[in-house]
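Subject: The structure I promised

Hi,

Here is the structure we talked about.

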Amino acid sequence: MLRSRHSRVICIGAGAAGLYFSTLCHEALVLERNDRPGRKLLITGGGGCNFTHDLPPSELSLHYPDRRTFVSPALHAHGADAIRARFRSLSLESIVTEDGKVFPRSRDAHDVLYALEKASGTIVTGCHVEEVHRKDDHFVIGTDMGLFTSDTLIIATGGLSYPATGSTGDGFAFARSLGHTVVPPRPALCRLELESALPECEGISLDEVRLVLDGHKTRGPILFTRTGVSGPAVMNLSRYATGDSVLRICFRDVDEAAIRSLEARRKAVNAMASALSLPDRLVRALLPSVVDKTIAQLTKEDMKTCARMLRDFSSPCSTSGCMKTATVTRGGVCVDEVDRRTFASRLCPGLNIIGEALDVDGECGGYNLTFAFASAYAAAKAIVSR
Ligand SMILES: Cc1cc2nc3c(=O)[nH]c(=O)nc-3n(C[C@H](O)[C@H](O)[C@H](O)COP(=O)(O)OP(=O)(O)OC[C@H]3O[C@@H](n4cnc5c(N)ncnc54)[C@H](O)[C@@H]3O)c2cc1C
């Protein structure tokens with residue numbers, strides 16, 4: 001049945017950003033397509049919800065590549081300490097792990113969701129927003145439950161990653177229809193698919209390798225998948241993958257002399273694997289041409305190949321097909337068109353855009369939820385004080 005409802009403030013999306021916003025701006029009516037709010041929140045941090053990172057604002061902002069300046073005012077106004085304090089005021093205690101990640105003390109994302117839901121204003125669930133337009137001085141929001149109208153509209157619809165949780169990129173269409181530019185969305189914080197994948201190494205993890213993707217360098221743990229590689233270091237690099245990227249991996253910084261110095265009568269694969277603390281299975285997959293040879297039988301050319309593959313394995317790589325399971329979306333509403341202190345649109349009066357719907361992506365470690373909360377806080381503060 002078609003019904004019309006007016007609210008001074010309407011927020012589309014009850015994910016991390018929309019819920020946080022709702023706890024600070026009770027008069028807002030939140031429209032959520034799913035039958036429950038916060039579906040993505042429940043799967044964050046492996047179900048434990050790494051909701052921020054214990055760093056001062058100036059250091060937090062370093063973890064948003066290309067967006068440090070844009071995120072900085074919001075993080076200074078409402079950074080990790082403020083987010084933890086806000087949750088404490090909602091009866092949710094948190095803990096900090098050795099590497100600075102902040103989780104609820106229970107390590108249960110349900111508790112974060114419960115704290116937010118309990119403090120929220122009105123949320124209409126099962127309400128799919130289909131279109132949005134501006135008429136005179138207000139917004140008209142068309143949904144499968146009929147029309148709603150508002151003076152102020154918040155787009156908190158998330159990105160395009162992990163669409164099964166409800167973030168199917170609808171907010172991009174809404175922002176476009178209100179005059180905004182959308183930077184093409186791409187998966188980020190995800191695995192990399194390798195053209196020269198090593199399926200026989202699936203499941204192998206290494207503690208520390210050096211990685212370079214199109215000039216962007218990092219180091220850290222890596223995990224082999226059937227079709228490529230994953231792990232935190234790979235995921236942080238994945239945002240840079242384009243259609244013709246190449247990933248280079250330095251497993252061990254080894255030269256031909258080091259290989260030549262190994263015990264001559266040992267099988268080359270086993271000798272290299274044990275000397276370099278690498279799994280036999282990996283060395284065999286990297287060096288199929290020498291599996292039957294001993295160190296003494298290696299030619300000069302073999303040694304060159306061995307050193308090159310261990311020091312500088314390279315393969316074309318991509319993130320195609322990764323949106324379904326990507327942690328975050330790179331791309332979204334162009335940040336130049338949004339005020340970084342209030343997240344108000346510079347193009348459409350009364351519109352605010354918060355969270356992952358914007359072209360902001362942070363690294364692994366709680367930075368994406370931090371931005372969702374900090375941007376929600378900034379928008380709520382501006383709207384409530386108006
Ligand atoms: C597996 C996984 C693990 C993650 N772990 C972490 C972590 O530990 N730490 C961290 O910081 N970040 C993590 N993230 C990223 C983080 O969850 C997101 O960045 C964050 O949820 C973004 O918040 P948001 O509110 O902008 O969007 P979302 O949380 O995606 O919420 C958007 C909401 O809008 C609703 N919506 C969309 N379109 C419509 C429509 N047309 N009508 C009505 N409602 C609509 C959706 O149903 C959804 O509820 C993880 C992500 C994934 C996928």
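Below is what turned up, starting with the domains and ending with the salt bridges.

Keep in mind that this is a predicted model.

**The two domains**

The chain splits into domain 1 (3-187 + 326-384) and domain 2 (192-318). Their centres, taken over C-alpha atoms, are 40 Å apart. Nine residues of domain 1 and eight residues of domain 2 make the contact. The size of an interface is often given as the accessible area lost when the parts come together. Here, about 670 Å² is buried between domain 1 and domain 2, with carbon and sulfur atoms giving 41% of that. On the domain 1 side, Arg186, Arg330 and Cys364 lose the most area, together 49% of what that side buries.

What holds charges across this interface? The rule finds two salt bridges between domain 1 and domain 2, and there are also six residue pairs in polar contact. By class, the domain 1 side that touches domain 2 has five charged, three nonpolar and one polar residue.

Most residues other than glycine have a negative phi. Leu189 has a positive one, about 50°. You'll find Leu189 in the loop between β10 (182-188) and β11 (192-194), and Leu189 is buried, at 5% relative accessible area. Phe343 also has a positive phi, near 60°. Phe343 sits in the loop between β17 (328-333) and β18 (351-353), buried with a relative accessible area of 0%.

**Salt bridges**

How many salt bridges are there by this rule? The count comes to 16. Here are a few to click on:

- Asp170 and Arg33 pair up, with their closest N and O atoms 3.7 Å apart. Asp170 is in helix α6 and Arg33 in the loop between β2 and β3, so the pair ties together parts 137 residues apart in sequence.
- Glu117 and Arg36 meet at 2.7 Å, N to O. Glu117 lies in helix α5 and Arg36 in the loop between β2 and β3, so this pair links parts 81 residues apart in sequence. Glu117 is partly exposed at 28% relative accessibility, and Arg36 is partly exposed at 42%.
- Asp312 and Arg248 meet at 3.0 Å, N to O. Asp312 is in the loop between α11 and β16 and Arg248 in strand β15, so parts 64 residues apart in sequence are tied together.

One more thing to look for: salt bridges that share partners join Asp66, Arg239, Arg330 and Asp361 into one network.

Cheers

Technical notes. Residues numbered from 1 in each chain as written. Predicted model: local features only at pLDDT ≥ 70, side-chain atom pairs only at ≥ 80, totals over all residues. Heavy atoms only, no water. Domains from an automatic or database assignment. Contact = heavy atoms within 4.5 Å. Buried area = accessible area lost by both parts, 1.4 Å probe. Salt bridge = Lys/Arg side-chain N within 4 Å of Asp/Glu carboxyl O. Polar contact = N/O pair within 3.5 Å; in protein donor to acceptor, adjacent residues only side chain to side chain. Nonpolar A, V, L, I, M, F, W, Y, C, P; charged D, E, K, R; others polar. Helix = DSSP H or I, 4+ residues; strand = E, 2+ residues; numbered from the N terminus. Buried < 20%, exposed > 50% of the residue type's maximum accessible area, 1.4 Å probe, protein only.
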